[in-house]
Amino acid sequence: MPLTIHNQTILSVVVLAVDAAMAWAILFSLSHARRGHSCHLSAGSLAVLLALAVAVLVVSPHTASDLSVSDTIEYSSAAHRLWYEGTYSLGLAGQAWPPRYPPFFSAFLVMPGYMLGGSELGNGIVLIAVLAVMGVLAAFLIGARLGGAPAGIAAGAILLLIPEYRNLSHTIWIDVPITTIALLTVLNALEFGKSLSQNRLLLSTGILIGLAVGMRSTCIILLVPFIWPLWQMRTKLRPLGLLCGPSIVTGLSTLAYNSKVFSSPWRSGYHYWVSIPYDFPGLTFSLRYLSSNIELILSTASFVPGALFLFVGFGLLRHRELPQLEMSEWRKLVGWTMIFGALLALFFLPYFYCSRRFFLPFSALTVIAGVVYLTSAATSERFKAWLDSALLLALALVVAGRILATPQTAHRDIAEQLAQLPKDVVIVSAMNPAYLERLVLAGTNRQFVPLSREVEFASKVVAPESLAGHMQAPVDWKPHRSQAVLTAGARDVYEWTALEQPEKVADMLRAGRCVFLEARFASSAEIEAFRQHFSLTSVGGDLFGLALTSN
């Protein structure tokens, strides 16, 4: 049963309280950052950097609402339903279903956009955009602390030049907020032991890490920079409570959520929706995935992070101190980055599904460390100014490209076209039904029918209980839905599809229902198969009206 909160006032108070704590933690982390001895802050250069950051990272809510990836659709749709309907769920097949993810990201970072900005689905991007810009400021402060203002400008600019950072900031996803929190954590770790506000520093760091853990449990590795300093402290209990307390609260809340929604603290939305492979640990983690995951990471790696990584390695091997660089703190940064990378690799490389976005915090810290060293190693102030100017010019070109490019909003455009249809029609489509539920189906009598079993959520089954005791472990994790899985106790969300049972679509037509086929994301073979049963009349673009054939 999905989580339901009927009292919107209580929901608002909880969300605003958590977001206020997050805002305080971010502002405290940014405001206490000390500058290195060589830092002479150029307000003009920083203003240019932040202006470029806004231009590069911020998109309109309409553009942000063009969601195509299932994760982003779940985050935004569940947040939207939580605020407007009081249920943290997805609307599929006329029922409410619990999402794969616990509610922290949707409730605390996505839903405030709807609370403050209205029902536009893309309003969920607001806090993601704010955190993306804060990440650039954090990168600047790390660079400025270690190597002065030129290194700070270079650090902020190089972060913006990472394609994944830019692209992921444009959609409702967790990776950019996690990266920003990682940068703020490093900033606090560099200050730890030197600030008079140790308790507040630990609490602010703990709040940020607790939020990150709620988004992705592997973010617990962000505690690493504090382990040794805390171990050396005479009194450990209070500092540990301030630092680890929020993550413990997050963990316990997750277990409580799982117990309520999935009837077991150890069973999550992943087990419910993706029981293959999650009910079989040998399929979830395996050494057989190593080679393909390593190949994936290396094949998508850009040249800039790799090249700057070489500068990091060169700096570690070099013994001569650089007068422009806080070398001891820089080496700490590099050490923490290497540990983060190793721990992420240890978890994700043998994981059944790997993506380079999982390593975005590591990539960000790597390029920042590299460009800070490069800037500080330069003895010529003219070269430093040239490097900063070149990076800012590159960003200006990125901005120009964004201005000249036409925003891609194919999914939103189709949804708007479907929303103009009468409120009682049947829509056959290959689009994600959770997306259409918010923009097309909600508040109407329209009905969605998945075109085939390739459609998201029609391709999946839900497993209220573990399948491990009811079937043998499959050889491969990819077929989430199979007869063996259904026999073991899983069940379909969509009992039938249009291509499986075209006679049911025909029955709807005979009953007087208007049926439309939205074919933008259908394959030519699927459309041709549909033509064998119905006549198709174009009503604009890839939208067709259906009629029974004469024979």
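Which residue does Glu437 form a salt bridge with, and how far apart are the closest N and O atoms? Some notes on that and the rest follow.

1. Ground rules. This is a predicted model, where local features need pLDDT of at least 70, side-chain atom pairs count only at pLDDT 80 or more, and totals for chains, interfaces and linings use all residues. Residues are numbered from 1 along each chain as its sequence is written, and side-chain values use heavy atoms, with hydrogens and water left out.

2. The opening pair. Glu437 bridges to Arg81, with the closest N and O atoms 3.0 Å apart. The two belong to distant parts of the chain: Glu437 sits in helix H22 (residues 433-441) and Arg81 in helix H4 (residues 70-85), 356 residues apart. Helices here are DSSP runs (H or I, at least four residues), numbered from the N terminus. Glu437 counts as buried at 10% relative accessibility, and Arg81 does too, at 6%. For the cut-offs, buried is under 20% relative accessible area, exposed is over 50%, and partly exposed is in between (1.4 Å probe, protein chains only).

3. Salt bridges overall. The structure holds 20 of them, each being a side-chain nitrogen of Lys or Arg within 4 Å of a carboxyl oxygen of Asp or Glu. As background, side chains of opposite charge can pair when their charged atoms come close.

4. Glu191 and Arg145 form a salt bridge, with 2.8 Å between the closest N and O atoms. This one also links distant parts of the chain, Glu191 being in helix H9 (residues 175-191) and Arg145 in helix H6 (residues 126-147), 46 residues apart. Glu191 is buried at 2% relative accessible area, and Arg145 is buried at 2% as well.

5. Arg412 bridges to Glu416 at 3.3 Å between the closest N and O atoms. Both are in helix H21 (residues 410-419), four residues apart, or about one turn of the helix. Arg412 is buried at 10% relative accessibility, whereas Glu416 is partly exposed at 33%. Elsewhere, shared partners join Asp71, Glu74, Arg100, Asp175, Arg216 and Arg357 into one salt-bridge network.

6. Arg356. This residue lies in the loop between helix H18 (327-348) and helix H19 (360-377), yet it is buried, with a relative accessible area of 11%. Its side chain makes a polar contact with the side chain of Glu164 at 2.4 Å. A polar contact is a pair of N or O atoms within 3.5 Å; within protein, one must be able to donate a hydrogen and the other to accept it, and residues adjacent in sequence count only if both atoms are side-chain atoms.

7. Cavities. Searching the whole structure turns up two cavities of 30 Å³ or more. A cavity is a set of points on a 1 Å grid over the protein atoms alone where a 1.4 Å probe fits but cannot get out, and lining residues have an atom within 4 Å of a point. Volume is the space filled by probe spheres set on the points, which are joined across faces, edges and corners.

8. The largest cavity. Its volume is about 130 Å³. Of its 13 lining residues, Ile178, Cys219, Ile221, Leu344 and Pro361 lie nearest the centre. H18 gives the most to this lining, with three residues.

9. The second largest cavity. This one has a volume of about 50 Å³. Met22, Phe104, Phe105, Phe108, Leu109, Leu211 and Met215 line it. Helix H5 (104-117) and helix H10 (198-215) each supply at least two residues of that lining, and H5 has the largest share, with four.

Conventions. 1 Å grid on protein atoms, 1.4 Å probe; cavity = no way out; pocket = protein on both sides within 12 Å on 5 of 7 lines; lining within 4 Å.
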